[in-house]
Amino acid sequence: MSFDDTAREPDQTFSLNRDLTGELEYPTKIARFSNVSHLSIHFPKNFGAETTKIFYIGLKGEWTEAHRHEVTICNYEASANPADHKLEQITPQTHFIS
């Protein structure tokens, strides 16, 4: 995640409240976070302090081991090569002007 990504529409936003005891919970949209393997959290502002201090972020849910995805090497055609896509039912026609 970069600072440019913070301009995109988030999956969910929260209106944070001061929590000096660390007991507030914020419910999430379950459908948006059902299979999360990477989570980025952005805090655009704080409660007027010069710096932002975050002491704890707790996450609830069921842990599952992440599946390792191997690198896939793909070749994409910028434009189709007709020699690679021969069709037998079509006979090639050439037009010569003499």
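Modeller: Buried means under 20% relative accessible area, exposed means over 50%, and partly exposed lies in between. The model discussed here is predicted.

Biologist: Is Tyr 26 buried, partly exposed or exposed?

Modeller: Tyr 26 has a relative accessible area of 30%. The cut-offs are under 20% for buried and over 50% for exposed. Tyr 26 therefore falls in between and counts as partly exposed.

Biologist: How many helices and strands are in the chain?

Modeller: Neither kind of element is present in the chain. The count is zero helices and zero strands.

Biologist: Which backbone oxygen does the side chain of Gln 12 reach?

Modeller: Leaving aside neighbours within four places in sequence, Gln 12 is in contact with Thr 28, Lys 29 and Phe 33, among others. Pro 27 is also in contact with Gln 12. At 3.1 Å, the side chain of Gln 12 reaches the backbone oxygen of Pro 27.

Biologist: Which residue meets Asp 11 in a salt bridge?

Modeller: Not counting residues up to four places away in sequence, Asp 11 touches Lys 29, Arg 32 and Phe 33. Asp 11 is partly exposed, with a relative accessible area of 41%. A salt bridge needs a side-chain nitrogen of Lys or Arg within 4 Å of a carboxyl oxygen of Asp or Glu. At 3.3 Å, N to O, the side chain that meets Asp 11 belongs to Arg 32.

Biologist: What separates the C-alpha atoms of Asp 11 and Thr 28?

Modeller: Along the chain, Asp 11 and Thr 28 are 17 residues apart. Their C-alpha atoms are separated by 9.7 Å.

Biologist: The structure holds two salt bridges. Which residue does Glu 25 meet in a salt bridge?

Modeller: Side chains of opposite charge can pair when their charged atoms come close. The N to O distance is 3.3 Å, and the partner is Lys 60.

Biologist: Which residues does Phe 47 contact, leaving aside its neighbours within four places in sequence?

Modeller: Phe 47 is partly exposed, with a relative accessible area of 45%. C-alpha to C-alpha, Phe 47 is 7.9 Å from Arg 18, at 29 residues apart in sequence. With the neighbours left aside, Phe 47 is in contact with Leu 16, Asn 17 and Arg 18.

Biologist: What accessible area does the nonpolar surface patch have?

Modeller: Phe 47 belongs to this patch. Other members include Phe 14, Leu 16, Tyr 26, Ile 41 and Leu 59. Together, the residues of the patch have an accessible area of about 1100 Å².

Technical notes
Residues are numbered from 1 along each chain as its sequence is written. This is a predicted model: local features need pLDDT of at least 70, side-chain atom pairs count only at pLDDT 80 or more; totals for chains, interfaces and linings use all residues. Side-chain values use heavy atoms; hydrogens and water are left out. Helices (H or I, at least four residues) and strands (E, at least two) are DSSP runs, numbered from the N terminus. Contact means heavy atoms within 4.5 Å. Patches are made of residues with over 30% relative accessible area and no salt bridge: like charges are joined within 9 Å, nonpolar side chains (Val, Leu, Ile, Met, Phe, Trp, Tyr) within 5 Å. Accessible areas come from the Shrake-Rupley method with a 1.4 Å probe; for residues, only the protein chains shown count as cover. Buried means under 20% relative accessible area, exposed over 50%, partly exposed in between (1.4 Å probe, protein chains only). A polar contact is a pair of N or O atoms within 3.5 Å; within protein, one must be able to donate a hydrogen and the other to accept it, and residues adjacent in sequence count only if both atoms are side-chain atoms.
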